[in-house]
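Dear colleague,

I am handing over the structure below, and my notes on what was found in it follow directly after.

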Amino acid sequence: MKRNRILKQSGILALSLALASCGGSKRSIQTPAVIGSAAYEEPERREIKAAEDAGDELIYLSEIKDEDENQLRYNIISNARRFEGTPYKYGGTTSKGMDCSGLIYTVFLEENISIPRVSRAIAEEGKRIKTDEVIPGDLLFFITGRRSKNINHVGLVVDVLPGQILFIHSSTSQGVIVSSLNEGYWNNAFVEARRIM
C-alpha cells in the first residue's frame with residue numbers, strides 16, 4: 001500500500017513538472033504559416049555582425065543596428081522553422097529535443113545574439129507591445145498550468161495574418177510546432193507580447 005502511494009505521488013510530481021514547464025498538455029492544431037495561397041518561404045540568409053571585426057563574438061540586443069533588424073528577424077524565424085517536429089525535452093536545446101525557452105535561446109544564439117535561457121528572464125528583455133503591434137520575430141509569453149503564477153512559456157511570432165498571430169514554440173505534448181494565438185488554450189494562457197529587437 002505504501003509502495004502504491006509512493007508510485008502515485010511520483011507520477012503526479014512528474015506530470016506536474018511536465019505541465020508547468022513549457023505549455024500544457026492540450027493539443028495544438030498544427031497550422032502552416034500561409035498568406036493567401038502562398039506558403040511560408042525561407043528567406044535568403046546573410047551573415048550579420050555587430051561590427052567589422054565581430055567574428056564569432058556574441059551580439060547583445062543593444063548592439064543590433066536598425067538596418068540589420070529585419071534580416072535578423074527573418075534569419076531567426078528561419079532557424080526556428082528548421083526545428084519543426086523536434087520532440088519536447090525539458091532543458092533541451094538541440095534537434096534531439098528542446099523546451100520552449102531552449103528553442104528561442106538556440107535560434108537567437110545561432111545568429112550570435114545573447115538572450116537569457118529561461119522564459120521568465122526573456123520576458124524582462126525589450127519592451128512590451130500590444131498584440132495589434134506584433135510583427136514576425138516578436139515574442140509571445142504565456143502562463144500555463146492552473147497553479148502557475150509566473151511566465152513559463154514563450155513562442156516566436158512567425159507570421160501575422162488578418163485576425164491571427166502564428167507562433168512557433170515547443171509544447172510538452174507535440175514538441176516544436178506552429179500554433180495560432182486564436183486557439184483557445186493559448187489565447188487563455190497568453191500574458192504579453194514583447195519586442196526584444
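Please keep in mind throughout that the model is a predicted one. Gly 163 and Leu 181 are separated by 18 residues in sequence, while their C-alpha atoms are 9.6 Å apart in space.

Strand E10 (residues 164–171) pairs with E11 in the antiparallel sense over six bridges, and the bridge partner of Ser 170 in E11 is Val 176.

Within helix H3 we find Thr 106, which is buried, with a relative accessible area of 10%. The side chain of Thr 106 reaches the backbone oxygen of Thr 93 at 3.2 Å, and, leaving aside residues up to four places away in sequence, Thr 106 touches Phe 83, Thr 93 and Met 98.

Turning to charged pairs, the structure holds seven salt bridges. One of them joins the side chains of Arg 128 and Glu 192, at 3.4 Å from N to O; because Arg 128 lies in strand E7 and Glu 192 in strand E12 (residues 190–195), the pair ties together parts that are 64 residues apart in sequence. Arg 128 is exposed, with a relative accessible area of 54%, whereas Glu 192 counts as buried at 8% relative accessibility. Glu 192 also forms a salt bridge with Arg 194, the closest N and O atoms being 3.3 Å apart, and both Arg 194 and Glu 192 are buried.

A further salt bridge is formed by Arg 195 and Asp 138, with the closest N and O atoms 2.9 Å apart. This pair links distant parts of the chain, since Arg 195 is in strand E12 and Asp 138 is in the loop between E7 and E8, 57 residues apart. Both Arg 195 and Asp 138 are buried, and together with Arg 73 they are linked in a network of salt bridges.

Terms used: Residues numbered from 1 in each chain as written. Predicted model: local features only at pLDDT ≥ 70, side-chain atom pairs only at ≥ 80, totals over all residues. Heavy atoms only, no water. Pairing = 2+ DSSP bridges. Helix = DSSP H or I, 4+ residues; strand = E, 2+ residues; numbered from the N terminus. Buried < 20%, exposed > 50% of the residue type's maximum accessible area, 1.4 Å probe, protein only. Polar contact = N/O pair within 3.5 Å; in protein donor to acceptor, adjacent residues only side chain to side chain. Contact = heavy atoms within 4.5 Å. Salt bridge = Lys/Arg side-chain N within 4 Å of Asp/Glu carboxyl O.
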